[in-house]
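This report examines a two-chain protein model from its atoms.

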Amino acid sequence: MNVPADLKYTKDHEWIRIENNIATIGITDFAQGELGDIVFVDINTVGKTLTHGDIFGTVEAVKTVSDLFLPVNGTILEINPGLDASPEVVNTDPYGAGWMVKVQMSNDDVSTLMNADEYSALIG
Amino acid sequence: MKNTPFTNIHTQLGAKMAEFAGYNMPISYSGINDEHAAVRNSLGIFDVSHMGEFLLKGEHALELIQRITSNDASKLTNGKAQYSCFPNKEGGIVDDLLVYCIEENKVYMLVVNASNMQKDWDWIMQHNTNAVEMKDISNQTALLAVQGPNAVNAMQQLTDMDLINLKYYTFCKGTFAGIDNVVVSATGYTGAGGVEIYFPASFTMGDESQLAAETMWHKIMEAGAAFNIKPCGLAARDTLRLEMGFCLYGNDIDDTTSPLEAGLGWITKFTKDFTNSSALQQQKADGVKQKLVGFEMIDKGIPRHHYLLKSADGNTIGHVSSGTQSPSLGKAIGLGYVSIEHASIGSEIFVEVREKLLKAVVVKIPFYQG
């Protein structure tokens, strides 16, 4: 299972990369594997200011649907434009081309996030 | 959780496993889309040993089956099977099933859904007033579905029985891959052609016949290797059946749905009396008020079981019973019940998805035309 060491993680199986107070967020390799073939990433929250734990979108796999929970406080800046035509990149490249949103963080409190070791322990 | 004779194989193959109807079942191996495509284009193998099999024997066996099932089992001759259902007394369906005629008027095998095994057994027992001998062979019968356009050619290598000329909904019994008393049936739940293979096997790991069942799996995989056979899980089984518009008990039909509303009029034969037949006949004469239809999404979104179906003015007209992204068609499809005035082909309906109304259109089923 691929769990890059330079990212932060949540118990909801999202990853977060923070650069200059902008968080790039996606779902983990474990999550894409559990969901199976992803066919649609439905995010309609661009421009919205949301709180840690809010639903910012939904990911539809062939067999199942799963909500996406915002792991930080902030404003949704951008959705990955590539997901509309090729949602399957979430399966093939979850930490790269499969990123989902960029968020302008309203504070830099990331104390609830896990590091790679902690997340690896969670998914066992 | 119960194992099937193939649970060790699934685990060794790295399948994603989950409990289904009390059994530890493979959900997927290489991925739903990959497995789905293998079956549509060439060949796949499914372990469906969780299904229930009941043997009914004796001079009153046919009479019992006729009384509790909606289709006309008197049409069955040796080696023929039929799709049918057990109607309940309240207008719904206890289960759907296959009836196999092993020996006309004497021996029949009923194949029922794993999730309904106990309910079905009790239901049949309750109606067995003429001492038909009943035997539950579910946990000693392995069932492998070998499905796809290359299934028959691949499986013919393993037997002297003539599978090439085996007609749809007929079966033969004999030696297959070195195991005796194997039933090979030209049936399936995928619409891709192929066979379902029933054979005696222990569900206890390490028993001789359980190990023989594993050998059977490996022989089928070898015979299918030239056709790139892939192991397929319950997830692909669901997308394949949904593209054909085949009903799934618990989704599209249940204790409350009428066979006539579910589009199962073709297995509801009023040439004989059966459970609730007079009320169903009346329903047919009056016309159904709602109907199971197939629909395709026009707006982007995936319909799911229980989502509401609405008219353009926002009134609820029904609900989704099954939905998925169709791997073969590349679009989202669903089955759902709608009030009869919205049930015609071309009718525009709306699916409520996360508080939004997404446009869909009623289409003909099967969705997938081979």
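## Basis of the model

The model is predicted, so local features need pLDDT of at least 70 and side-chain atom pairs count only at pLDDT 80 or more, whereas totals for chains, interfaces and linings use all residues. Residues are numbered from 1 along each chain as its sequence is written, chains are lettered from A and ligands numbered from 1 in the order in which they are written, and side-chain values use heavy atoms, with hydrogens and water left out.

## The interface of chain B and chain A

Chain B contributes 16 residues to the contact and chain A contributes 17, where contact means heavy atoms within 4.5 Å. About 1400 Å² is buried between the two chains, with carbon and sulfur atoms giving 45% of this area; buried area is the accessible area (1.4 Å probe) that two parts lose on being put together, summed over both. Of the area that chain B buries against chain A, 41% is supplied by B:Lys300, B:Arg304 and B:Arg354, more than by any other three residues.

Across this interface the rule finds 14 residue pairs in polar contact, both residues being at pLDDT 80 or more. A polar contact is a pair of N or O atoms within 3.5 Å; within protein, one must be able to donate a hydrogen and the other to accept it, and residues adjacent in sequence count only if both atoms are side-chain atoms. On chain B, helix H2 (32-41), helix H7 (234-243) and strand E16 (316-326) each supply at least two residues of the side that touches chain A. Helices (H or I, at least four residues) and strands (E, at least two) are DSSP runs, numbered from the N terminus. The largest share of that side of chain B, three residues, comes from H7(B). By class, the side comprises four nonpolar, six polar and six charged residues; Ala, Val, Leu, Ile, Met, Phe, Trp, Tyr, Cys and Pro count as nonpolar, Asp, Glu, Lys and Arg as charged, and the others, Gly among them, as polar.

## Salt bridges

A salt bridge is a side-chain nitrogen of Lys or Arg within 4 Å of a carboxyl oxygen of Asp or Glu. The whole structure holds 18 salt bridges over all chains, and six are found across the interface of chain B and chain A. One of these joins B:Lys356 to A:Asp42, at 3.6 Å from N to O.

B:Arg354 forms a salt bridge with A:Glu60, with the closest N and O atoms 3.2 Å apart. This pair crosses between chains: B:Arg354 lies in the loop between strand E18 (348-353) and strand E19 (356-363) of chain B, and A:Glu60 lies in strand E6 (residues 55-61) of chain A. B:Arg354 counts as partly exposed at 29% relative accessibility, whereas A:Glu60 counts as buried at 0%. Buried means under 20% relative accessible area, exposed over 50%, and partly exposed in between (1.4 Å probe, protein chains only). A network of salt bridges links A:Asp42, A:Glu60, B:Arg304, B:Arg354 and B:Lys356.

Within chain B, the side chains of B:Arg40 and B:Glu243 meet in a salt bridge at 3.0 Å, N to O. The pair links distant parts of the chain, with B:Arg40 in helix H2 and B:Glu243 in helix H7, 203 residues apart. B:Arg40 is buried, with a relative accessible area of 9%, and B:Glu243 is buried, with 0%.

## Helix H3 of chain B

Helix H3 (residues 61-68) of chain B is largely enclosed by the rest of the structure, because six of its eight residues are buried. These are B:Ala61, B:Leu62, B:Leu64, B:Ile65, B:Gln66 and B:Ile68. They pack against strands E4 (52-57), E5 (81-87), E6 (93-103) and E7 (107-112) and helix H4 (117-127) of chain B.

## Nonpolar cores

A nonpolar core is a set of buried Ala, Val, Leu, Ile, Met, Phe, Trp, Tyr and Cys residues joined through side-chain atoms within 4.5 Å. In the largest core, of 89 residues, B:Leu56, B:Phe86, B:Leu110, B:Ile124, B:Ile253 and B:Val351 touch the most other members. E6(B) gives the most to this core, with seven residues. Leaving aside neighbours within four places in sequence, B:Leu110 is in contact with residues including B:Leu56, B:Ile65, B:Phe86 and B:Ile124. A second, separate core of 33 residues includes B:Tyr29, B:Ala151, B:Leu158 and B:Ala177.

## A loop lysine

B:Lys80 lies in the loop between H3 and E5 of chain B and counts as partly exposed at 38% relative accessibility. Beyond its neighbours within four places in sequence, B:Lys80 is in contact with B:Val99, B:Tyr100, B:Cys101, B:Tyr169, B:Thr170 and B:Phe171.
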